[in-house]
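Please look over the sequence and the structure, then read the points below.

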Amino acid sequence: MVTTLVDIISLVLIVVVVLVVIGIVAMVIGIYNRFFSLKNSAEATVGQVKVAMKKRLDMIEQLLGAVKSYATFEKETLTGVTAMRARIGSAGPGDLNELERESRSVLGRLLAVAENYPDLKTSQTVKDLMGAVKGVEDEIARHRYTYNNIAQQYNTMTDTIPSNLIAGAMGFSKLEYLEFGEEIERVPTIAF
């Protein structure tokens with residue numbers, strides 16, 4: 001069976017079209033998978049921020065216990081810390097920004113009480129807890145940085161071609177950044 005030049009050209013064109021279609025499908029699948037990889041990484045990092053913030057609130061509660069023996073500290077502070085801890089589980093990035101502000105405010109008031117009692121400043125328990133709080137502050141900052149980098153990559157994909165076409169078709173929206181505010185980003189002073 002002898003094939004003609006027209007048959008060979010037709011076969012080559014069919015192969016090229018099939019290869020182009022396979023390439024486009026592979027690219028779409030790759031972009032789609034990248035979106036979900038970034039989304040899952042962002043969710044995991046928000047979970048780490050929540051754990052660190054809960055750890056900070058636990059330490060604040062322990063500091064409250066240590067301070068309570070030296071000064072009468074407002075009962076509502078302890079109630080507020082407990083309520084914040086409960087809200088962390090269901091918090092999204094925007095809610096975490098508010099919880100961050102609230103927990104730093106409580107920590108600042110607690111530090112002010114500690115400053116007024118010289119014996120409290122030298123208490124080894126308080127020193128240890130304050131050192132641990134500093135470590136948690138650093139941990140929260142690292143996780144926030146990681147989350148915001150992931151969100152930036154994801155959001156860039158929603159804005160750039162060709163991934164924005166897939167984002168629009170699949171209904172992917174931008175991720176919210178964790179922005180704890182300028183005055184809140186400062187680590188509380190915990191020097192005694």
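Is valine 16 buried, partly exposed or exposed? Valine 16 is partly exposed, with a relative accessible area of 44%; buried means under 20% relative accessible area, exposed over 50%, and partly exposed in between, with a 1.4 Å probe and protein chains only. The model is predicted, so local features need pLDDT of at least 70 and side-chain atom pairs count only at pLDDT 80 or more, while totals for chains, interfaces and linings use all residues. Residues are numbered from 1 along each chain as its sequence is written, and side-chain values use heavy atoms, with hydrogens and water left out.

**Overall make-up**

- The protein has seven helices and zero strands; helices (H or I, at least four residues) and strands (E, at least two) are DSSP runs, numbered from the N terminus.
- Of the 192 residues of the protein, 35% count as buried.
- Among contacts (heavy atoms within 4.5 Å) between residues at least 6 apart in sequence, 81% join residues at least 24 apart.
- The protein exposes about 11200 Å², and carbon and sulfur atoms supply 61% of that area; accessible areas come from the Shrake-Rupley method with a 1.4 Å probe, and for residues only the protein chains shown count as cover.

**Aromatic pairs**

- The count comes to five aromatic pairs; rings of Phe, Tyr and Trp (its six-membered ring) pair if their centres lie within 6.5 Å, and planes under 30 degrees apart count as stacked, over 60 as edge-to-face and the rest as tilted.
- Tyrosine 32 and phenylalanine 172 form a tilted pair, 6.0 Å centre to centre with 35° between the planes.
- Tyrosine 32 lies in helix H1 (residues 5–68) and phenylalanine 172 in the loop between helix H6 (163–170) and helix H7 (182–185), so this pair ties together parts that are 140 residues apart in sequence.
- Tyrosine 32 is partly exposed at 31% relative accessible area, whereas phenylalanine 172 is buried at 17%.
- Phenylalanine 35 and phenylalanine 172 also form a tilted pair, 4.9 Å centre to centre with 50° between the planes.
- Because phenylalanine 35 lies in helix H1 and phenylalanine 172 in the loop between H6 and H7, their pair ties together parts that are 137 residues apart in sequence.
- Phenylalanine 35 is buried, with a relative accessible area of 1%.
- One aromatic cluster is formed by Tyr32, Phe35, Phe36, Tyr154 and Phe172.

**Nonpolar surface patch**

- Valine 16 is found in helix H1.
- Val16 forms a nonpolar patch on the surface with Ile8, Val12, Val20, Ile24, Met27 and Val28, and together they have about 560 Å² of accessible area.
- Patches are made of residues with over 30% relative accessible area and no salt bridge, with like charges joined within 9 Å and nonpolar side chains (Val, Leu, Ile, Met, Phe, Trp, Tyr) within 5 Å; a salt bridge is a side-chain nitrogen of Lys or Arg within 4 Å of a carboxyl oxygen of Asp or Glu.
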